[in-house]
Amino acid sequence: MNEFSPVIEYVSRYVALTDDEINHFVTFLKITKVKRRQFIVQPGFVCRNKSYVVKGAFRAYLVDNEGKEHTLAFAIEDWWISDYSSLIYQEPATLFVEALEDSVLIQVNYDDEQTFLKEIPKLEKFERIITQRSLAFQQKRLLSTFTKTAEQRYDEFISKYAAVAQRVPQYALASYLGFSTEYLSKIRNRKASKS
């Protein structure tokens, strides 16, 4: 069970599981090793797993009709990532989820999750809490996109997620913040010249 302790510790921040519940829960988990640039989700295929990052970094993005990439999410250690629409509705994915580094995941299969949510009611509560927090985060991100300048969005991201900014490629960070890599370079150069 040691290999699953990171996700058990994560869940334990929100709900207290008994030893029996933990032992039952871990029977539904699997460890997956992923190489840099490998995809764990691709458009057109149904997403089967929710992934908790033990080690590494990921980004979720879509490619528009002109071939431009739009980064929707990042995930580093102690974060979850998936194409949630595909996972929840069990329909073909619209996102790519790509490893930015060699990574280790703890994955939960969709069907197994439905089983343990029925069998371990505390995990149903955990899912509700996490879903609510995710919804609130997405709303804050949308509000930031609509009400803040590009530079304010950059400053906000750097202040909250400096560790992420150091580990993801500039093009992915610029895409996530909604502007070009060139504009990101201008912002960084301006800030460097001020300090």
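Q: Why is Arg59 called buried in this predicted model?
A: Arg59 has a relative accessible area of 1%. Buried means under 20%. The value falls under that cut-off, so Arg59 counts as buried.

Q: What makes the contact of Arg59 and Glu69 a salt bridge?
A: Their side chains meet at 2.5 Å, N to O. The limit is 4 Å between a side-chain nitrogen of Lys or Arg and a carboxyl oxygen of Asp or Glu. The distance is within the limit, so the pair qualifies.

Q: Where do Arg59 and Glu69 lie in the chain?
A: Arg59 is in strand β4 (residues 58–63) and Glu69 in strand β5. They are 10 residues apart, and the pair links distant parts of the chain.

Q: Why is Glu69 labelled partly exposed?
A: Its relative accessible area is 31%. Buried is under 20% and exposed is over 50%. The value sits in between, so Glu69 is partly exposed.

Q: How do you know that Glu98 forms a salt bridge with Arg59?
A: The closest N and O atoms are 3.5 Å apart. The cut-off is 4 Å, so this pair counts too. Glu98 belongs to strand β7 (residues 96–99) and Arg59 to β4, 39 residues apart. Both Glu98 and Arg59 are buried.

Q: Which residues are linked with Arg59 in a network of salt bridges?
A: Arg37, Glu69 and Glu98 are linked with Arg59 in that network.

Q: Is Arg37 buried or exposed?
A: Arg37 has a relative accessible area of 52%. Exposed means over 50%, so Arg37 is exposed. Arg37 lies in the loop between β1 and β2 (39–41). Its phi is positive, about 75 degrees, although Arg37 is not a glycine.

Q: What makes Glu127 and Lys50 a salt bridge?
A: Their closest N and O atoms are 2.9 Å apart. That is within 4 Å, so the pair counts. Glu127 lies in helix α5 (residues 121–147) and Lys50 in strand β3, so the pair ties together parts 77 residues apart in sequence.

Q: How do you know that Glu127 and Lys50 are buried?
A: Glu127 has a relative accessible area of 16%. For Lys50 the figure is 9%. Buried means under 20%, so both residues get the label.

Q: How many salt bridges does the structure hold?
A: The structure holds 11 salt bridges.

Q: Why do β1 and β8 count as paired strands?
A: Six bridges join β1 (residues 29–34) to β8, and the two run antiparallel. Pairing needs at least two bridges, so these strands pass. One of the bridges joins Ile31 to Ile106 in β8.

Q: What makes β3 a partner of β8?
A: Six bridges join β3 (residues 49–55) to β8, again antiparallel. At least two are needed, so β3 pairs with β8. Ser51 has Gln107 as its bridge partner in β8.

Q: Why are β1 and β6 called edge strands?
A: The open sheet has four strands in the order β1-β8-β3-β6. β1 and β6 each pair on one side only.

Q: What makes β8 mostly covered?
A: Six of its seven residues are buried.

Note on methods:
Residues numbered from 1 in each chain as written. Predicted model: local features only at pLDDT ≥ 70, side-chain atom pairs only at ≥ 80, totals over all residues. Heavy atoms only, no water. Buried < 20%, exposed > 50% of the residue type's maximum accessible area, 1.4 Å probe, protein only.
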